[in-house]
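This briefing is for a reader meeting the structure for the first time. Please look over the sequence and the 3D view, then read the points below by topic.

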Amino acid sequence: MKPEERPKAAFFDFAGCEGDQLQVANLEEKILDLLNIVELVSFREVMTEHSDDYDVAFIEGSITNSHDAERLNGIRENADVLVAIGACATIGGINSIRNVQDFEKVQERVYGDEREHYEAWEKAKPAKAVVEVDYEVHGCPIDREEFLHVVQSVVMGREPNIPDHPVCVECKLNENVCAFERDEFCVGPVTRAGCDSCCVNEGAICWGCRGLIDNPNEEAHEEVLEEYGLTAEEVIKKFDLYFAWQQEAREDE
Amino acid sequence: MSDDIDVNVEYLTRVEGHGNIEVNAKDGEIEKCEWQVIEAPRFFESLVVDRDWKELHHVTSRICGICSIGHTLASLKATEDAMDIDISEQDKKLRKLALHAENMQSHVLHVGYLALPDLLDSKSVVPLTETHSEEVKTVIRLHKLANTMSDVVTGRTTHPQRLIPGGFTKIPNERELEELKEKLEDSVDDLKAVADLLENLAPKIPDFRRETEYISLTHEDEYGLYGGDICSSDTGTTDVDEYLDITNEYTVPQSTAKYTKNNRESYMAGALARLNNNYQQLSPMAKEIAGKFDLDPMEYNPYMNTIAQLVEVVHSVEDSIGIIEELLDKGLEKQGEYNSPDIEPKAGRGIGAVEVPRGILFHDYTYDEEGKCTEANCIIPTNQNHGNIQQDMEKMVPEIIGKKPEDEIELTLEMLVRAYDPCISCSTHYVDIDFVE
Ligand code: SF4
Ligand code: SF4
Ligand code: SF4
């Protein structure tokens, strides 16, 4: 692609930890592959310049107050394509744990008497609860290769290849010993694959960071659920680290 | 040169903190000089309440992507303290490697990508890829080495997967450690190259001094990062369990972040604080590099924090080589692919402190008898530095007003904030400035 034909891209962060932008900075030499297909005009992780003239906006973090929402609306108006990156932006992520807590207590635990000092919605929201989102890169944090794949798809105008099967499928291919076998709990049966079951490969469990598959009741990993006598709903309810916003959205449907 | 200035450097909203600098002066008299921090709350101290002890480190790691290893370790230490969980010497060594990896990652990012452009009169690292391509490549190699180390030890570069209460789910094998050691040894030339580059640019580091209090961990056997007591350059050592006596959080009207103070109006945490308090325990090559910059205790120039970070990268490389040698000499004790230590949860309160790139970090949890968290408190280093940034600005602005052009004043102030390396996006910025005559 000729340098002048590259779409201009900008990163924006809301309530998150910036781990996703860090993953992009961590592309190291591969960042040059990224720069071959987009022109970065705003990326606070490594640059101080900023421009409001961009075609593709990457959104990291959750939307947690009206100020955020207003800013996100402005970005949506400016951008041709809006991409949510990371669980905070795609499904509310870790921030959404508080969506099922009593909000008065939430505020009091952190700020005591001074809770009126801060404007915050009762619930943390993903970008798509506020504006239309064109593409999503899942995970907490995002996977670097998948990010590049989605950016390539955006630039080519193609649909990216994002799996809609559970993490268990990848986990079985990797021949891991199942967490349930080790007396641990795991949400792999209902969580969207695409990370190569990386946490289980490292000896941990799947925490659910890529969010629920589109239709957990139909598409969850039957074999694992049956073997351990669980239903998809039970798995989701028992371990809702990342699922609170999605669960509420499902219940509203 | 005008004696009236109105500097308003606004950093656009972000989560862990966005900072504004506001300075107004009329006829050389300062009317306002403020470091303002606006934080959108993420409520971590509530997110962990009612959650199981096995999940807390996963949640609190998400406080900060850059410091995710440090948050994970402070979290694990708090949980282990609450439940009297011991970890093996081997695991302790591996955790120290993880912490070194993060310090290197973060410091290289700050020194190479954020501070260097200031010294080379560049807006960012992007133009430097053309004008100083060799130097940028050197920085990228070092950054990559730090990331590789984090991968090898913790499973991932951001948000570690293998660290759990009681140790590790999985550990690297001897061959991986051998390879890592070779890479660390090979990085010495790159480290020296960066040090030489900075040495040449050192005259551009602003010459500003203000005596303040420095707070960090200190440990009798080593340069304190993973453990030890709290050390104040003013008041000596304090047990980590008494951390609240040191941090004394308070609020100010211009900021939503909580500030801290101990013996004076403010204190400084971070690489310079550690170096001032623990200089003698730096590795030999780290001391040598520090010597090039005449950096030794007590150094009262906050801008030298960036150089202290460089010195710490060198220390981390040398110390990591030593740790790996010890591990390999002894031979790795094998552990299963899915290690989960045998732990009976119990009620109690635990406190964990570690040094992360930006300074001392505290996690404090209380658990009930089922191992559910009932209360939590986390004090992050960036917040501990806000008061000191304010005090520095109050001393510096009268010293430079009328002596420097406005754009230089602005840059000097921005560089000051950047020297503290607050959180990543605080240290880069969108500038929105008004100078009034
Ligand atoms: S999704 Fe995870 S990595 Fe990304 S901002 Fe949120 S907490 Fe950080
Ligand atoms: S439940 Fe978890 S550990 Fe078991 S197969 Fe599925 S993803 Fe793997
Ligand atoms: S295994 Fe689960 S928690 Fe880990 S990255 Fe994949 S989806 Fe996320």
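A charge is said to sit over a ring if NZ of Lys or CZ of Arg is within 6 Å of the ring centre and within 35 degrees of the ring normal. In this predicted model, the charged end of Arg71(A) sits over the ring of Phe14(A), 4.2 Å from the ring centre. Lys261(B) likewise lies over the face of Tyr250(B), at 5.1 Å from the ring centre.

**Nonpolar cores**

- The largest nonpolar core has 183 residues, and those with the most contacts inside it are Val83(A), Phe147(A), Tyr242(A) and Leu295(B).
- Helix H4 (residues 89-119) of chain B gives the largest share of this core, 13 residues.
- Domain 1 (3-156) and domain 2 (168-252) of chain A both contribute residues to this core, so the core lies between them.
- Another core, of 18 residues, lies apart from it and includes Val41(A), Ile59(A), Leu82(A) and Val131(A).
- Setting aside residues up to four places away in sequence, Leu295(B) touches Leu272(B), Leu275(B), Tyr279(B), Ala290(B), Met304(B), Ile307(B), Ala308(B) and Val311(B).
- In soluble globular proteins, nonpolar side chains tend to be buried together.

**Domains of chain A**

- The domain assignment divides chain A into domain 1 (3-156) and domain 2 (168-252).
- The C-alpha centres of domain 1 and domain 2 of chain A lie 25 Å apart.
- Between these domains of chain A, 18 residues of domain 1 are in contact with 12 residues of domain 2.
- In helix H12 (residues 244-252) of chain A, the residues Ala244(A), Trp245(A), Gln246(A) and Gln247(A) are buried.
- The cover over the buried residues of H12(A) includes H4 and helix H11 (232-238) of chain A.

**Aromatic rings**

- Over all chains, the structure holds 14 aromatic pairs.
- In one of the pairs, the rings of Phe11(A) and Phe58(A) have centres 4.7 Å apart and planes at 25 degrees, so this pair is stacked.
- This pair links distant parts of the chain, with Phe11(A) in strand E1 (residues 8-13) and Phe58(A) in strand E3 (residues 56-60) of chain A, 47 residues apart.
- Phe11(A) is buried at 2% relative accessibility, and Phe58(A) is buried with a relative accessible area of 3%.
- The rings of Tyr214(B) and Tyr300(B) have centres 6.2 Å apart and planes at 35 degrees, so this pair is tilted.
- Here too distant parts of the chain are linked: Tyr214(B) is in strand E6 (residues 213-218) of chain B, while Tyr300(B) is in the loop between helix H11 (284-292) and helix H12 (305-330) of chain B, 86 residues apart.
- Tyr214(B) is buried, with a relative accessible area of 1%, whereas Tyr300(B) is partly exposed at 22%.
- One aromatic cluster is formed by Phe180(A), Phe185(A), Trp207(A), Tyr228(A) and Phe239(A).

**Ligand 1**

- Ligand 1 lies between chains A and B.
- Around ligand 1 there are 14 residues, of which Cys17(A), Asp20(A), Ala87(A), Cys88(A) and Cys140(A) come nearest.
- Helix H1 (19-25) and helix H4 (87-91) of chain A each supply at least two residues of the shell around ligand 1.

**Two residues of chain B**

- Asn277(B) is in helix H10 (residues 271-278) of chain B and is buried, with a relative accessible area of 18%.
- Leaving out residues up to four places away in sequence, Asn277(B) touches Tyr214(B), Ile215(B), Ser216(B), Cys231(B) and Ser233(B).
- Gly291(B), in helix H11 of chain B, is partly exposed at 39% relative accessibility.
- From Gly291(B) to Leu244(B) there are 47 residues in sequence and 35 Å in space, C-alpha to C-alpha.

**Backbone features**

- The peptide bond from Cys140(A) to Pro141(A) is cis, with omega near 0 degrees.
- Pro141(A) is in the loop between strand E5 (135-137) and helix H6 (144-156) of chain A.
- Pro297(B) and Met298(B) are joined by a cis peptide bond with omega about -15 degrees, and Met298(B) lies in the loop between H11 and H12 of chain B.
- Ser197(A) is not a glycine, yet has a positive phi of about 50 degrees; Ser197(A) is buried at 2% relative accessibility.
- Asp121(B), also other than glycine, has a positive phi near 55 degrees; Asp121(B) is exposed, with a relative accessible area of 63%.

Methods. Residues are numbered from 1 along each chain as its sequence is written. Chains are lettered from A and ligands numbered from 1 in the order in which they are written. This is a predicted model: local features need pLDDT of at least 70, side-chain atom pairs count only at pLDDT 80 or more; totals for chains, interfaces and linings use all residues. Side-chain values use heavy atoms; hydrogens and water are left out. A nonpolar core is a set of buried Ala, Val, Leu, Ile, Met, Phe, Trp, Tyr and Cys residues joined through side-chain atoms within 4.5 Å. Buried means under 20% relative accessible area, exposed over 50%, partly exposed in between (1.4 Å probe, protein chains only). Helices (H or I, at least four residues) and strands (E, at least two) are DSSP runs, numbered from the N terminus. Domain bounds come from an automatic or database domain assignment. Contact means heavy atoms within 4.5 Å. Rings of Phe, Tyr and Trp (its six-membered ring) pair if their centres lie within 6.5 Å; planes under 30 degrees apart count as stacked, over 60 as edge-to-face and the rest as tilted. A residue is near a molecule or strand if one of its heavy atoms lies within 4 Å of it.
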